[in-house]
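Subject: Structure handover

Hello,

Here is the structure for you to take over. My notes on a pocket and on some of the helix packing follow below it.

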Amino acid sequence: MPDTTTPDTTTPGTTARGQDLPADRGSGRHFEPDLRRMTRINLRPIASPLPLGFYAVAIASAVVGCLQLGVFEDGSQRAVAFTILPAFVLQLLVAVLAFGARDVLAATLMSCFSGMWLANSLVLALHPPGGTRVLGVLNAVFSLFALMMAAVATRKRALWLVLCVAVPRFAVAAAHNLTGASWLGTASGSLGLLLAAVAMYTAFALLVEDMRGVEVLPIGRSGPAHAAVEGDLSVQLRDLERQAGVRRTL
């Protein structure tokens, strides 16, 4: 195709319409007063990583819960550590993709879960001195942060429900790590299996919704979360210029 670009014949300091532009004295540079017509924001659609993330939560929670309930024989801590280690890798991948999809809540949750599984795996495999009590402090801090995330995730009911189960599960696990009470270990294991069931349901519901294009199993989105799925493209692009990655600073 021949080049049909019209050469710029305007004089320095003016636009094609003859309007004066502000100039940087001493450098000869000129600036466009309104860059909106010159700006293009490219969006790259990706598949939702959340079903994979919740599935990893379900598998790791079920394995650790069975360990705490005494389902496995004595000395199986290292096997459990190696089993939950892939959850760290999978959820780290999900977190990276969720950040790219501009879902900061899901990305933050998956990043925190990823770090938790890595810490649990290392402590179970290496048995460092004081590792159990250190893990108890980590579980306590995570449960507190999960409670904070649950307070802002009410519009995403499926994710909110996972957080509501994760908060008591990790809080009880922290108490068990710090006190060593066996009944707390049993309670933590039971809550771990409940967390696995809720995460598995969420993963399956999101997967079916993505495959069929409509909500089949209830997920409970409301407000902006509902509009993000049911709204048109203009809803998706609303306030895009003020989102992280587009604005100048975070």
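The second largest pocket in this predicted model has a volume of about 420 Å³. Its lining consists of 18 residues, and those closest to the pocket centre are Gln 68, Leu 124, Thr 132, His 176 and Asn 177. Five helices each supply at least two residues of the lining: α1 (50–68), α3 (104–126), α4 (131–152), α5 (157–179) and α6 (182–212). The largest contribution is from α5, with four residues. By class, the lining of the second largest pocket has ten polar residues, seven nonpolar and one charged.

α1 and α3

The axes of α1 and α3 are 11 Å apart, and the packing angle is about 30°. Because angles under 35 degrees count as roughly parallel, α1 is roughly parallel to α3. The crossing in which α1 passes α3 is left-handed. On the α1 side the contact is made by Leu 50, Gly 53, Phe 54, Val 57, Ala 60, Ser 61, Val 64 and Leu 67, which meet Ala 106, Met 110, Phe 113, Trp 117 and Leu 124 of α3. Eleven residues in this contact of α1 with α3 are nonpolar, two are polar and none is charged.

α3 and α4

Here the angle is about 170°, with the axes of α3 and α4 11 Å apart. The two helices α3 and α4 are therefore roughly antiparallel. From α3, the contact takes in Leu 105, Thr 108, Leu 109, Cys 112, Phe 113, Met 116, Ala 119, Asn 120 and Val 123. From α4 come Gly 131, Thr 132, Leu 135, Leu 138, Asn 139, Phe 142, Phe 145, Met 149 and Val 152. The contact of α3 with α4 comprises 13 nonpolar and five polar residues, and no charged ones.

The loop between α3 and α4 holds His 127. Although not a glycine, His 127 has a positive phi of about 50°.

α4 and α5

The axes of α4 and α5 come within 8 Å, crossing at roughly 155°. That angle is over 145 degrees, so α4 and α5 are roughly antiparallel to each other. Their crossing is left-handed. In the contact of α4 with α5 there are 16 nonpolar residues, five polar and one charged.

Regards

How values were computed
Residues are numbered from 1 along each chain as its sequence is written. This is a predicted model: local features need pLDDT of at least 70, side-chain atom pairs count only at pLDDT 80 or more; totals for chains, interfaces and linings use all residues. Side-chain values use heavy atoms; hydrogens and water are left out. On a 1 Å grid over the protein atoms alone, a cavity is a set of points where a 1.4 Å probe fits but cannot get out, and a pocket is an open set with protein on both sides within 12 Å along at least five of seven lines; lining residues have an atom within 4 Å of a point. Grid points are joined across faces, edges and corners, and a volume is the space filled by probe spheres set on the points. Ala, Val, Leu, Ile, Met, Phe, Trp, Tyr, Cys and Pro count as nonpolar, Asp, Glu, Lys and Arg as charged, and the others, Gly among them, as polar. Axes are lines fitted to C-alpha atoms, for helices over the stretch in contact, and angles run from 0 to 180 degrees between N-to-C directions. Angles under 35 degrees count as roughly parallel, over 145 as roughly antiparallel, 65 to 115 as roughly perpendicular and the rest as oblique. A crossing is left-handed if the near helix is turned anticlockwise from the far one by less than a right angle, and right-handed if clockwise. Contact means heavy atoms within 4.5 Å.
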